[in-house]
Amino acid sequence: MNIENLKKQIIEKLSKATSLKDLEIIGKEYLEEKRNISSSMKELGAKEKKELGVRLNELAKFLEEEITQKTKKIKLLEIKEKEENEFLDITLKGDNVKRGHIHPLSLAKKELEDIFTFLGFSIEEGPEVEDEWHNFDALNFPLNHPAREMQDTFFIKQNNRKELSQKEKLVLRTHTSNVQTRYMENHKPPIKIAVPGRVFRSEATDARHEVCFYQIEGLYVDKDVSVANLKAVLLRFLQEYFKDENVKIRLRPSFFPFVEPGFEVDMSCTVCNQKGCPVCSYEGWIEILGAGMVHQNVFKNCGLKDVTGFAFGVSVDRLAMMKYKIDNIRWFHSGDLRFLKQF
Ligand code: DAH
């Protein structure tokens, strides 16, 4: 076949090609023809050979350009065709993206942190695995205090426990009060901290008790801090948390080794407004937290002198239960979506 004819043939085939596959075939056919022509070139003289070579190259270049152009066109056509066949139904329902929920305890913790920050307290944290010194001794618990006994405290197994000092024996902290002593050892008054955290008690669980629950501890140390300051802070924090200006509190004398005097604090029942209901056992008051004026022995154990202060500790679980009227503490760890989805 001569080159002119070959070119004609190629042009014709290219005009009929409708797919990338067609183009591929045309390319292959050309290579084959080129080989045929080259082998028949052997008998030709040098001049003719050269001329033919040049023309073959021109044809190759022409073909390459044509194929590139055509490929582009075919690809565009394919996309267009696909788009035309695609049916977009904008009335179709979208994917239902499920939103998660904040756990009620996280919610309570966050709200409490915001309130105490607003009241000028800084938020601090401390270890959940604590030594006996910070959890008990420094807080003025006598060595034989019942709270240290097996039924309350999770002791960490340590082989040589008997030989260890109080600062080496480990327990799971039974309250967030451990952070009081840790913080006072390293900071100078005025001290104004709120400490949220997880605490552990080896207790039988019931509707109001869990082995693991959350507390928030408050500590205010300065010169001339009084019970009046304590009352003002507690009242304001409870009014803020329950979003109720009418909340009232009352203090009853009580005993905690690390405070003197110590109080149990009741708040007016927000469920019945003190008319009497099952939540407050028809008393109108609910015991809500422990508090008191920091015992001078605690200051001494932490190396502080000539200061006064108040401290309080409240169960976050308890506050959340009252706010959301949850009747059983075990709901919090149930993982039950019917419960969790309400928050
Ligand atoms: N730590 C106590 C408990 O877990 C609660 C408590 C009572 C904390 C009185 C205090 C306080 O700071 O002054 O039962």
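**The hairpin, the sheet and a charged patch**

Modeller: Happy to, and keep in mind that this is a predicted model. To start, Pro253 stands opposite Phe263 in β7.

Colleague: Thanks! And which residue is the bridge partner of Ser254 in β7?

Modeller: Strands β6 (residues 249-254) and β7 (residues 259-268) run antiparallel, joined by 6 bridges. Ser254 belongs to one of these pairs, and its partner in β7 is Gly262.

Colleague: How many residues does the hairpin from β6 to β7 pass through?

Modeller: β6 covers residues 249-254 and β7 covers residues 259-268. The hairpin that joins them runs through 4 residues.

Colleague: Which strands stand at the edges of the sheet?

Modeller: The sheet is open and has 7 strands with mixed pairing, in the order β1-β4-β5-β9-β8-β7-β6. An edge strand here has a single partner strand, so one side of it is left without a neighbour in the sheet. That describes β1 (122-123) and β6.

Colleague: Now the helix: is Glu78 buried, partly exposed or exposed?

Modeller: Glu78 is found in helix α3 (residues 46-85). Buried would need under 20% relative accessible area and exposed over 50%. Glu78 has 43%, so the answer is partly exposed.

Colleague: Which residues gather with Glu78 in the surface patch of negative charge?

Modeller: A residue needs over 30% relative accessible area to join a patch, and Glu78 has 43%. Gathered with Glu78 in this patch are Glu81, Glu83, Glu84 and Glu86.

Conventions. Residues are numbered from 1 along each chain as its sequence is written. This is a predicted model: local features need pLDDT of at least 70, side-chain atom pairs count only at pLDDT 80 or more; totals for chains, interfaces and linings use all residues. Side-chain values use heavy atoms; hydrogens and water are left out. Patches are made of residues with over 30% relative accessible area and no salt bridge: like charges are joined within 9 Å, nonpolar side chains (Val, Leu, Ile, Met, Phe, Trp, Tyr) within 5 Å. Accessible areas come from the Shrake-Rupley method with a 1.4 Å probe; for residues, only the protein chains shown count as cover. A salt bridge is a side-chain nitrogen of Lys or Arg within 4 Å of a carboxyl oxygen of Asp or Glu. Lys and Arg count as positive and Asp and Glu as negative; His and the chain ends are not counted. The place of a charge is taken as NZ of Lys, CZ of Arg, CG of Asp or CD of Glu. Helices (H or I, at least four residues) and strands (E, at least two) are DSSP runs, numbered from the N terminus. Buried means under 20% relative accessible area, exposed over 50%, partly exposed in between (1.4 Å probe, protein chains only). Two strands pair if DSSP finds at least two bridges between them.
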